[in-house]
Amino acid sequence: MAGRRGPAAVVPRSEFEASYLTWNLSYKRSLLATSGGTEEGAKRPVSNCREQWYELLSSYHKAPPPEFADDERWQSDLATITGYLHIAEWHLHAGQMKESHEALERVRWIWLGIRERNGLRWFGDELTRYHVVMEPVVKWAIGAEHGGVTPENVEDFEVELAKLLEAYRRLAKQRPPRGNMRRYSMGMQLEAHALAELDEIVAVGLYEDIPEAARAVKSAFVMLFMGFG
């Protein structure tokens with residue numbers, strides 16, 4: 001789920017959800033900025049993310065919303081998130097973009113754990129699980145790891161690609177998120193098409209076309225993530 005009209009047009013069900021959605025949008029922007037942008041370009045999104053986090057923290061650190069009221073780890077997990085947001089900003093100002101992004105990545109896993117142990121479903125958590133399978137395949141396919149896909153390693157790559165296709169099938173079986181269903185349907189269709197295209201290109205050995213096909217997979221995922229992550 002997300003906040004304003006662009007990401008998903010979700011009407012918040014509570015004051016906490018409204019605060020969370022506002023922060024979460026800035027958090028997602030900071031993740032994207034540290035993943036593929038410039039250090040200078042990432043500083044404002046990361047700073048905004050930290051500032052908006054403190055707005056949420058000031059209201060809910062000591063008084064969690066009802067869905068988290070019995071969570072004994074609520075305050076400690078929020079404190080850990082606070083630490084990671086600061087660490088991400090410190091790394092960024094030290095010129096360590098990768099480390100900044102990695103610190104930010106840990107935050108969504110903490111939220112996943114919070115919701116999971118309190119029995120709450122969030123489609124963004126399913127996207128996080130899908131991303132774990134998708135990201136290594138994309139990095140391999142674009143040549144960022146393993147020297148890219150080559151005739152010598154293509155069989156090993158096909159094993160990982162099969163895992164990604166299965167991960168998408170699991171994602172598609174999840175209950176759709178609240179929000180802009182047109183955006184959700186379009187994003188899922190684009191991801192399915194990009195995966196099928198990548199699978200076909202690999203199968204026929206068009207190695208020079210693999211990177212572009214993999215980038216299409218990542219692009220469709222980003223659309224889903226920004227709308228429903």
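Contact here means heavy atoms within 4.5 Å. Helices are DSSP runs of H or I, at least four residues long, numbered from the N terminus. You're looking at a predicted model, where local features need pLDDT of at least 70 and side-chain atom pairs count only at pLDDT 80 or more, while totals for chains, interfaces and linings use all residues. Residues are numbered from 1 along each chain as its sequence is written, and side-chain values use heavy atoms, with hydrogens and water left out.

**Stop one: α3 and α4**

Select α3 and α4. Their axes (lines fitted to C-alpha atoms over the stretch in contact, with angles from 0 to 180 degrees between N-to-C directions) are 7 Å apart and at about 165°. That makes α3 roughly antiparallel to α4, a label for angles over 145 degrees. The crossing is left-handed, that is, the near helix is turned anticlockwise from the far one by less than a right angle.

Now show side chains. On α3, pick out residues including Trp 74, Leu 78, Ile 81 and Leu 85; on α4, the partners include Ala 103, Val 107, Ile 110 and Trp 111. This contact has 15 nonpolar, three polar and four charged residues (Ala, Val, Leu, Ile, Met, Phe, Trp, Tyr, Cys and Pro count as nonpolar, Asp, Glu, Lys and Arg as charged, and the others, Gly among them, as polar).

**Stop two: along α4**

Stay on α4, residues 97–117, and check its length: 21 residues at 1.5 Å a residue should span 30 Å, and the end C-alpha atoms are 32 Å apart, which agrees. The expected span is 1.5 Å times one less than the number of residues. Just past the helix, click Gly 119, which has a positive phi of about 70°.

**Stop four: α6 and α7**

Jump to α6 (residues 154–172) and α7 (residues 181–204), whose axes come within 11 Å and cross at roughly 160°. That makes α6 roughly antiparallel to α7, in a left-handed crossing.

**Last stop: an aromatic pair**

The structure holds 19 aromatic pairs. Select Tyr 130 and Phe 221: their ring centres are 6.1 Å apart and the planes sit at 35°, so the pair is tilted. Rings of Phe, Tyr and Trp (its six-membered ring) pair if their centres lie within 6.5 Å; planes under 30 degrees apart count as stacked, over 60 as edge-to-face and the rest as tilted. Tyr 130 lies in α5 (residues 123–142) and Phe 221 in α8 (residues 210–228), so the pair ties together parts 91 residues apart in sequence.

Terms used: Helix = DSSP H or I, 4+ residues; strand = E, 2+ residues; numbered from the N terminus. Parallel < 35°, antiparallel > 145°, perpendicular 65-115°, else oblique.
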